[in-house]
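Me: I've got a structure open and would like to go through it with you. Can we start with how far to trust it?

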Amino acid sequence: MDLPDPEKNFPRPPPTKKDMEAEWESHARKMEERRNLGLAEDYWRQSGVGERHRLPIMLGANLEAHRQWAYSLGLAREVVKNGGMMAFLGSPGNGKTQMAAYLVWEVVHRPAPALFVESAEMVKALREPFKSRESELTVMRRFVDPVLLVIDEFRLGKTDWEQEQMGFILNKRYATMRPTILTANMARPEFSAMLGPRLCDRFREDGQVIVFNWGSFRGKGAGSD
Ligand SMILES: Nc1ncnc2c1ncn2[C@@H]1O[C@H](COP(=O)(O)OP(=O)(O)OP(=O)(O)O)[C@@H](O)[C@H]1O
Ligand SMILES: [Mg+2]
């Protein structure tokens with residue numbers, strides 16, 4: 001003879017209001033998590049970070065350089081959190097673009113919009129309103145609105161007009177406490193001279209210059225100089 005089915009003989013009491021509320025909350029939380037993940041994926045796709053810097057870092061022989069890189073990432077993360085301006089300076093291949101891309105990844109997973117752009121590409125976009133019907137303000141907002149903006153291979157601009165536009169965007173972001181990262185293959189004095197006294201002053205207030213002074217992660221003999 002089969003044993004009695006406990007579920008059948010002693011049916012569970014109907015869920016209480018508290019049970020139903022808890023179930024609804026857990027469902028809402030899951031929906032929110034799924035929505036956030038979808039948003040993060042969209043933001044990441046639209047961020048402008050190139051394929052190479054989307055790949056996970058391959059740790060090679062240059063572990064000491066990576067250790068210093070990881071320590072600097074901690075400092076950079078704080079500046080992003082506090083909404084400051086930051087410059088990554090140093091010789092080629094020591095991971096400036098990679099770190100900026102990593103910080104973009106962290107911001108999009110908040111989720112919040114972040115934009116990675118090369119300086120030359122940005123100047124080109126700023127010139128677009130002259131050719132298309134897009135308004136100057138719309139283009140400006142593309143660079144002012146993102147929660148994080150990275151300008152890779154930063155140049156202030158050749159003409160007065162370019163410098164004025166770039167200065168305007170940096171100032172707007174500074175005023176609204178949105179973090180901006182500038183990367184450059186330059187030493188500190190050269191970079192300061194390019195920025196000029198007004199922008200340098202903003203760096204001094206709550207920004208940070210991180211000098212990547214370890215060797216290149218690229219190719220043979222990496223990390224040795
Ligand atoms: N911490 C790291 N550990 C290992 N590899 C890294 C690390 N950071 C960057 N890399 C790799 O090293 C290469 C060079 O990095 P990246 O392009 O960020 O250098 P960079 O400083 O921006 O160089 P450049 O000044 O020439 O633009 C890339 O392939 C990158 O994935
Ligand atoms: Mg680079």
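Reply: Start with a term: pLDDT is the predictor's confidence in each residue, on a scale from 0 to 100. You need it here, as this is a predicted model.

Me: ok, what is the mean pLDDT of the chain?
Reply: The mean is 88, and 90% of the residues reach 70 or more.

Me: where does pLDDT stay under 50?
Reply: Over residues 221-225. For that stretch the model has 15 contacts beyond four places in sequence. Where pLDDT is low, the predicted coordinates should not be read in detail.

Me: Moving on to the ligand. how many residues surround ligand 1?
Reply: There are 15, and the closest are Pro92, Gly95, Thr97, Gln98 and Phe217.

Me: which element gives the most?
Reply: α4 does, with three residues.

Me: and what classes of residue are in the shell around ligand 1?
Reply: Seven polar, five nonpolar and three charged.

Me: back to α3 and α4. at what angle do they pack?
Reply: At about 50°, and their axes are 11 Å apart. The crossing of α3 with α4 is right-handed.

Me: which residues meet there?
Reply: On the α3 side they are Trp69, Leu73, Ala76, Arg77 and Val80. On the α4 side they are Met99, Tyr102, Leu103 and Val107. By class, the contact of α3 with α4 has eight nonpolar residues, one charged and no polar.

Me: now α6 and α7, how far apart are their axes?
Reply: The axes of α6 (residues 136-144) and α7 (residues 160-175) are 10 Å apart, and the two helices pack at an angle of about 50°. That angle makes α6 oblique to α7. Their crossing is right-handed.

Me: what makes the contact?
Reply: α6 brings Met140, Phe143 and Val144, while α7 brings Ile169, Lys172 and Arg173. Sorted by class, the contact of α6 with α7 has four nonpolar residues, two charged and no polar.

Me: where is Pro111?
Reply: Pro111 is in the loop between α4 and β2 (114-118).

Me: last one. is phi of Glu153 positive or negative?
Reply: Phi of Glu153 is positive, near 50°, and this residue is not a glycine. As for its place, Glu153 lies in the loop between β3 (148-152) and α7.

Technical notes
Residues are numbered from 1 along each chain as its sequence is written. Chains are lettered from A and ligands numbered from 1 in the order in which they are written. This is a predicted model: local features need pLDDT of at least 70, side-chain atom pairs count only at pLDDT 80 or more; totals for chains, interfaces and linings use all residues. A residue is near a molecule or strand if its C-beta atom, placed from the backbone, lies within 6 Å of it. Helices (H or I, at least four residues) and strands (E, at least two) are DSSP runs, numbered from the N terminus. Ala, Val, Leu, Ile, Met, Phe, Trp, Tyr, Cys and Pro count as nonpolar, Asp, Glu, Lys and Arg as charged, and the others, Gly among them, as polar. Axes are lines fitted to C-alpha atoms, for helices over the stretch in contact, and angles run from 0 to 180 degrees between N-to-C directions. Angles under 35 degrees count as roughly parallel, over 145 as roughly antiparallel, 65 to 115 as roughly perpendicular and the rest as oblique. A crossing is left-handed if the near helix is turned anticlockwise from the far one by less than a right angle, and right-handed if clockwise. Two residues are in contact if their C-beta atoms, placed from the backbone, lie within 7 Å.
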